[in-house]
Amino acid sequence: AAEAAAQLVAGSNVTTIPVTGEYEIVVNATPLGMAGESVPITAPGAGQWAVDLIYHPVETPFLAASRANGARTVGGLGMLVHQAALGFEAMTGRPAPLEAMRAAAGSPRTAQ
């Protein structure tokens, strides 16, 4: 799909980015993984962090591959909870009940 979209703009192209030990944190901020597809990069490994902003499914192929390679991982459910908390506070003027929201979402508090 990226290659087809790139062809619509003259002079553009698609490339994959190799993830090597030179990056401490690799973030997937795309929708890739929501339908079970893989992110077209080498999964991070030991000494690196893999962050996937997708919150459903909780375990994406990117996170699973990164964890299997020894990376520490963080999923997107925590981001979703904090976005909801900001909305709650904006609408009610009261502090959001973060612990209750985390529990309702099934959000882990720490990285894996």
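Let's start with Glu59, which is partly exposed at a relative accessible area of 39%; here buried means under 20% relative accessible area, exposed over 50%, and partly exposed in between, with a 1.4 Å probe and protein chains only. Please keep in mind that this is a predicted model, where local features need pLDDT of at least 70, side-chain atom pairs count only at pLDDT 80 or more, and totals for chains, interfaces and linings use all residues. Residues are numbered from 1 along each chain as its sequence is written, and side-chain values use heavy atoms, leaving out hydrogens and water.

So what does Glu59 meet in a salt bridge? The partner is the side chain of Arg67, at 2.7 Å from N to O. A salt bridge here is a side-chain nitrogen of Lys or Arg within 4 Å of a carboxyl oxygen of Asp or Glu, and by that rule the count comes to two. Arg67 is partly exposed too, at 28%.

The other pair is Glu99 and Arg102, with their closest N and O atoms 2.8 Å apart. They sit three residues apart in helix H4, so about one helical turn separates them. Helices are DSSP runs of H or I, at least four residues, numbered from the N terminus. Glu99 is partly exposed at 45%, whereas Arg102 is buried at 14%.

Now, over to helix H3. Leu77, Val81 and Ala85 are buried there. On the other side of H3, Leu86, Ala90 and Met91 are exposed. And just after H3, Gly93 takes a positive phi of about 75°. Thanks, everyone!

Definitions and conventions: Helix = DSSP H or I, 4+ residues; strand = E, 2+ residues; numbered from the N terminus.
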